[in-house]
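Dear colleague,

I am passing on the structure that we spoke about, and below it you will find my notes on what turned up. Please read them with the model open beside you.

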Amino acid sequence: MKILVTGGAGFIGSAVVRHIINNTGDSVVNVDKLTYAGNLESLLSVSDSERYFFERVDICDAEELYRVFTDHKPDAVMHLAAESHVDRSIDGPAEFIQTNIVGTFNMLNVAKKYWRSLSEQKQSYFRFHHVSTDEVYGDLGGPEDFFREDTPYDPSSPYSASKAASDHLVRAWRRTYGLPTIVTNCSNNYGPYHFPEKLIPLVIMNALAQKPLPVYGKGDQVRDWLYVEDHARALYKVLKQGLVGETYNIGGHNERQNIQVVHEICRILDEVRPLDRKSDIKSYSELVTFVKDRPGHDIRYAIDASKIESELEWLPEETFETGIRKTVLWYLENQMWAQNVIDGSYREWIERQYEA
């Protein structure tokens, strides 16, 4: 197959691209605008593959999208391109409306036009896989509750509201136009190549620089953490084996309070990168700094992933303990990548690489 992946230079998208190139015989067309969160350095290990193609295209540009479809003739779409940072959506929601809603609308319209141009046999194989988030479900009530595929939507932030809208558009295009779509909703991802604005990479990088480790409120917000490479495997399995019109929740079975996550990172760093004896602090955990909670902050997310486990036989390979250790060690071994992101020099590299 030739799979068109939008947002393939982002955190989850690059993991999907690497998984496909490294572990399957399929080809990938990576469509990415290369915003601040898109980083081609995350794809250096596969960029020389004859099965990898890159198109620097904005999904809000319908004309360019259709050119990509007609030039590359994909057999399937994995739509991951999205603005995804909640804090940024609170400060500036317009970009989230544009990319997540208008961009998805463009993707659906262009995919529908392309799909209708295919032979009947190729139409039957085509899939449009829309990758979404568990944040569309809002906040869970009691500690025994879990997000299921039929949980009503109740988004809390401009980000989650824009993703909820895109989910609705995808399902509407299937019911109205017959476009063969599948939707997945995942829990919080973490792992290598994560842009250092999110909790885990931010804590790792700040700790190494002995800067404050900011924690919202009391840090009692609970998230279900999913190692990004487990997620990539799940997404590919859904594309290949999932049923058209179905929704699959993907979770890691790793519920942790944010403060627990931060302290676990500090514990690993204390072990593998001990502080100098002359340091003013004895443990990285002394850098924890509680800050004012963000508006509309959901308290608990937790995924019931029993559907994908029973129907598609997918299970996460990483526990939180193994996954977070791998993540911390990766950042220790790849500080140049992280530093390039923090100081913005990766943007210059992208421009040089793209021009070349």
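Glu318 is buried, with a relative accessible area of 12%, where buried means under 20% relative accessible area, exposed over 50% and partly exposed in between, computed with a 1.4 Å probe on protein chains only. Please bear in mind that this is a predicted model, in which local features need pLDDT of at least 70 and side-chain atom pairs count only at pLDDT 80 or more, while totals for chains, interfaces and linings use all residues. Residues are numbered from 1 along each chain as its sequence is written, and side-chain values use heavy atoms, with hydrogens and water left out.

The side chain of Glu318 meets that of Lys326 in a salt bridge at 2.5 Å, N to O, a salt bridge being a side-chain nitrogen of Lys or Arg within 4 Å of a carboxyl oxygen of Asp or Glu. Lys326 counts as partly exposed, at 42% relative accessibility. The structure holds 16 salt bridges, and those that share partners join Glu55, Glu64, Arg67 and Asp71 into one network.

Arg325 is partly exposed at 27%, and Glu271 is partly exposed at 46%. Within helix H9, Arg267 and Glu264 form a salt bridge with their closest N and O atoms 2.9 Å apart, and, being three residues apart, they are separated by about one helical turn. Arg267 is partly exposed at 42%, whereas Glu264 is buried at 18%.

There is also an open sheet of three strands in the order E7-E9-E11, with mixed pairing; two strands pair if DSSP finds at least two bridges between them. Strands E7 (188–190) and E11 (255–257) stand at the edges with a single partner strand each, so one side of each has no neighbour in the sheet. E7 and strand E9 (residues 222–227) run parallel and are joined by three bridges, with Asn188 opposite Trp225 in E9. Helix H9 (residues 258–272) packs on this sheet and touches E9 and E11, contact meaning heavy atoms within 4.5 Å.

Methods
Helix = DSSP H or I, 4+ residues; strand = E, 2+ residues; numbered from the N terminus. Axes fitted to C-alpha atoms, helices over the stretch in contact; angles between N-to-C directions.
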